[in-house]
Amino acid sequence: MTMGQPALRRPDEPVTPVSVNVRNPRRSRRGRAAWFVYPPLVLLAAVFLFPFYWMVKTSLVDLGSIFEPTPRLLPAHPNLDSFVTALTMFPFGRFFLNSLLVAVLTVAGTLLTASMCAFSFSRLRWRWRNRVFSVVLTGMMLPFFVVMIPQFIMWRTLHLTDGFTPLIAPAWFGGGVFNIFLLRQFFLGIPRDLDEAATMDGAGPARVFFQIILPLSKPALIVVGLLTFLASWNDYLAPLIFITSEEKYTLMLGLNMFLGGYTAQWNYLMAATCAIVLPSVIIFLVAQKYLMEGIVMTGLKG
Amino acid sequence: MPTSSVQRREATAGWIFAAPVILGWIIFVAGPVLVTLLLALTDYSVGGSPRYLGLENFRKFFTSADESFFASVRATALYGMLSVPACVAVSFGLALLLNTKIRLRGLFRAALFLPVIIPLAASSVIWMWLFQPDFGVVNFVIRALGMRGPQWLASETTVIPTMVLMNVWLTGNSMVIFLAALQGVPRHLYEAVEIDGGNSLHKLVYITLPMVSPTIFFAIITGFITALQAFVQPAIMTSDAYHAGGPNNSSLLYVLFIYREAFRFSKLGSASAAAVLLFAVIAGLTWMFFRFSRSLVYYEGGERT
């Protein structure tokens, strides 16, 4: 069919029938090869985790130990003073609640509207459907920087800047075409017999959607919800543009403010960073499986 | 059999259910893109009214009336050229290591993936501390080895490579994607190589690389699209209330340049023009991706939707 394929195909054709006979030798060779893999893997894992260790370690010492010419691998007198200072000097609780509010409302809007739209594009039959879908798909890869200036002007004209509306509202209008795309793919895999039977029994589209499609789509909804939550929680550019007053700062804006105010006081900075990193680490540990699936499914999100 | 009234009801529902994204597309996609294109032709500041300039904004960029534009293009190009190959190579290597028969694979994978889910703003602060020239642990190790460590983020020559180093730490995403691709390579192909007396290198070169080449291609293109939009690192690590992308504009990545034009200098027209230029580049890359992925991608089970 295409140019790349013959090269990809070639090795597999003549040998396939014999492959069964070599199972055992292959397995033993693999077992041996694995041993060579442990040292680099252990080393790399240690290097990758080290920044986290160093962050925690730094947050447990006082300012004097930061500027020792020879840093210690273990904290000499670990204490939580830096945390107390860092988390009381700035209204971190406030920032945390702001971030949480924005993220939760963003996830809610995305889950509701993205699945509604996906339902319409996968299950309901209406004229123009496919044309509308392909038009809407053009928004899929659209980078935020292209639309941020007009969006800023729009929200400013509506006097809604310096509030959470600009951060949350887009999620309630389809919640990102990519999520619609994903959910649509998932809905297409649900057997049609189910909703046709319900329609025969007189159920309208809304009932089919809420009582049949949504309950069957929990795994996809969890993946979309998780990725949306993390994207909102981690976002820096949009809050930076839309939010100006301190009491409306999200955690990331708070961290940047902290960075400006506590230059070189790394123990406080690392304590604050610890507090910001912790929720993400917990989410990761709890939902690792879904996250990995989500990454593979949505590779495009980069 | 559906009656026509049922059909009509379904069609109405179709429009209603799709309404959010149709409205969203108009309000947050099509409208703003159009406005950006128009603003690019104007001089416009927050609160003022736009003044038509024609292509003056673009001309200004290329006639070096504004040197920071070239600085940002240079910084972004360097960032992309260094970051994308390094990240693809490392994440592919990590995926190869993880794709062997080992114990605790989940644990290793989790450790290598963990940096990705940390907010980029937070990991940027962590890296500022690790690479702090005088008291950072990295330069301490270098001193202990009897050398003098560089100034990292504080020097024009090393600031971008330092950010690239951090990106290498953040390759978990493509690692997971590569891992999935590697696990999709049919076993019998490797067995065929073994029968022919090939070793691991043969397997890598003749089976693995060709079979996952679409994924590598995908990772390179999306890597560039992502790299061109990098913002958080320079905004956190090398910017403050008065400067952006220091030292001396050497880390003024392109989106930070757009941000600075728009929200620090209130030059919304000029910023829009800059956005249009980058958008054209990204659109080109995206087109390339879809154009070539069709002819490069091979799926054993037939076509994928």
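**Exercise 1.** Which residues of α4(A) meet which residues of α15(A)?

*Solution.* The model is predicted: local features need pLDDT of at least 70, side-chain atom pairs count only at pLDDT 80 or more, and totals for chains, interfaces and linings use all residues. Residues are numbered from 1 along each chain as its sequence is written, while chains are lettered from A and ligands numbered from 1 in the order in which they are written.

Step 1. Helices (H or I, at least four residues) and strands (E, at least two) are DSSP runs, numbered from the N terminus. Contact requires C-beta atoms, placed from the backbone, to lie within 7 Å.

Step 2. On α4(A), the residues are A:S82, A:F83, A:T85, A:A86 and A:L87; on α15(A), they are A:N267, A:Y268, A:A271, A:A272 and A:A275. By class, this contact has seven nonpolar, three polar and no charged residues. Here Ala, Val, Leu, Ile, Met, Phe, Trp, Tyr, Cys and Pro count as nonpolar, Asp, Glu, Lys and Arg as charged, and the others, Gly among them, as polar.

Step 3. The axes of α4(A) (residues 81-89) and α15(A) come within 8 Å and cross at roughly 75°. Axes are lines fitted to C-alpha atoms, for helices over the stretch in contact, and angles run from 0 to 180 degrees between N-to-C directions.

**Exercise 2.** Determine where α15(A) bends.

*Solution.* Step 1. Helix α15 of chain A (residues 266-297) has 32 residues, yet its end C-alpha atoms are only 38 Å apart, short of the 46 Å that a straight helix would reach at 1.5 Å a residue. The expected span is 1.5 Å times one less than the number of residues.

Step 1. A bend of about 85° lies at A:A287, taken as the angle between axes fitted to the seven residues ending there and the seven starting there.

**Exercise 3.** Describe the contact between chains A and B.

*Solution.* Step 1. In chain A, 91 residues are in contact with 90 residues of chain B. Helix α2 (residues 23-59) of chain A supplies the largest share of the chain A side, 17 residues. That side comprises 64 nonpolar, 21 polar and six charged residues.

Step 1. Helix α14 (residues 251-261) of chain A and helix α5 (residues 120-130) of chain B have axes that come within 9 Å and cross at roughly 25°. α14(A) is therefore roughly parallel to α5(B). A:M252, A:L255, A:N256 and A:L259 meet B:A121, B:A122 and B:V125.

**Exercise 4.** Locate the cis peptide bond of chain B.

*Solution.* The bond joins B:G246 and B:P247, with omega about -10°. B:P247 lies in the loop between α11 (232-237) and α12 (254-264) of chain B.

Note on methods. Contact = placed C-beta atoms within 7 Å. Parallel < 35°, antiparallel > 145°, perpendicular 65-115°, else oblique.
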